[in-house]
Amino acid sequence: MQTETKIDCRYDDGEAIARQILAQQSDNAARAETLPAEAYNSDAFFRIEAQKVLREDWLFVGHVAQLPNENDYFTLDVIGEPLLVVRNAQGIRVMSNVCLHRWVPIASGSGNSRVFVCPFHNWSYNTEGKLTGAPSMQQAEGFDRHDCQLPQIRHEIVAGMIFITFSATLAPLSDRLGPLVPVLEKYHLADLHCAFTLDYDCPFNWKMAVETFIECYHHAGVHRTTLEDSFPGRLTWIGEDTPGWTVCHQPLRKNGDISEIMTAGLEPFGGLEGDDLRRSDLLLLYPTCLMSLNPDRVTINVILPVSKSMSVWHRVVLVSKPAAARSDFADTVERMRAGVMTIVAEDLEINAEQQRGSRSQLARPGRLSHLETSVWHLANYLKRKLTA
Ligand code: FES
Ligand SMILES: [Fe+2]
């Protein structure tokens, strides 16, 4: 019998791909090139990234505004780990969402609950993850439900943003993000209202999603009838290469009206002035947290890598509390959602095409524009993690 071999890249040798990345230069932005195409198509390299990069760094999972009330919760899968994020009287907890009995996730979606009952055999847990009920287990020798608690996940909250890590030894995130906090405070980040969340599948490697978000070079191509007029890619510039993040500054076109950067129905955040009212900053907090800081709204996204060519995009859109209290807020949300979906559709289509092209046996690293220096910054971050 003949078996069909599907070739996704020239070689599926994770260590060789890592060596190839480490051999690329990281000194001179003017000589920057992309990662090898194999880094987006190799199962073996994806496993290395999962262990050395993703599991060994701080990953954004959500914002406290998604859990305004006691017993509010949401769930998400992070690199194959089902997680439960819940607010109880003590604060925010992040824990494994996997039943201690036979591993079914105990909660799904989001909501408000004091108790989580596993749908398989009805074991129940409280908001601390303690097992509070385990029917018909009296004859299980040595079993005491009081000894049982869902594994707790290390987390940190910075400016209302909840980050987790699977590492016990990683340095605190607040050390790394400290210099950024005053910028985030200008947008009142810890005190915003969650307007809506959005999840969608991305049929491409997580780095393609991240890289596309942090450069506006593609506006003239992909978004030429949507973003390019108001936010011409050629006017954008990239900040310094820092250990924790990179930023793409995206100004409104010269003589553009402020209404082009605002969502109708929203007001600018109090205290913003000057250029802050005429630009939208795109931030990547390594490795997977993408933020857009606008005068009237903040979007925080997490790219959840599923496999070498599949990711999930989780988007949280935040506005000021006074804006959310307006009587026409539901209409504003619908307008925002429609606007987001138009841009998302354009990016999804091009990134799926990029993934298809990157499987070519003829694909080699391509040179980068100065408008894409942030893409090179991500490559430099990857190198640091691969050698840590
Ligand atoms: S798997 Fe959860 S109760 Fe059995
Ligand atoms: Fe885009």
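User: How many bridges join strand β2 to β5, and how do they run?

Analyst: In this predicted model, 3 bridges join β2 (residues 72-78) to β5, and the strands run antiparallel. One of the bridges can be named: Asp72 has Asn112 in β5 as its partner.

User: Why are β2 and β5 called paired strands?

Analyst: Pairing requires at least two bridges between two strands. β2 and β5 are joined by 3 bridges, so they count as paired.

User: What makes β4 and β5 edge strands?

Analyst: The open sheet has 4 strands in the order β4-β3-β2-β5, with antiparallel pairing. β4 (91-96) and β5 (110-112) each pair on one side only. From one strand to the next, the twist averages 20°.

User: Which residues touch the most other members of the largest nonpolar core?

Analyst: They are Leu59, Phe60, Val61, Val85, Phe163, Ala209 and Leu285, in a core of 97 residues. Domain 1 (14-57 + 173-387) and domain 2 (60-158) each supply at least three residues to this core.

User: Where does UniProt place the feature "domain: Rieske"?

Analyst: The unreviewed UniProt entry places it at residues 58-164. The end C-alpha atoms of that span lie 5 Å apart, and the span is 0% helix and 44% strand.

Key:
Residues numbered from 1 in each chain as written. Chains lettered and ligands numbered in written order. Predicted model: local features only at pLDDT ≥ 70, side-chain atom pairs only at ≥ 80, totals over all residues. Helix = DSSP H or I, 4+ residues; strand = E, 2+ residues; numbered from the N terminus. Axes fitted to C-alpha atoms, helices over the stretch in contact; angles between N-to-C directions. Core = buried A, V, L, I, M, F, W, Y, C linked by C-beta atoms within 7 Å. Buried ≥ 20, exposed ≤ 12 C-beta atoms within 10 Å, placed from the backbone. Domains from an automatic or database assignment. UniProt positions renumbered as here; feature names shortened; annotations may be inferred.
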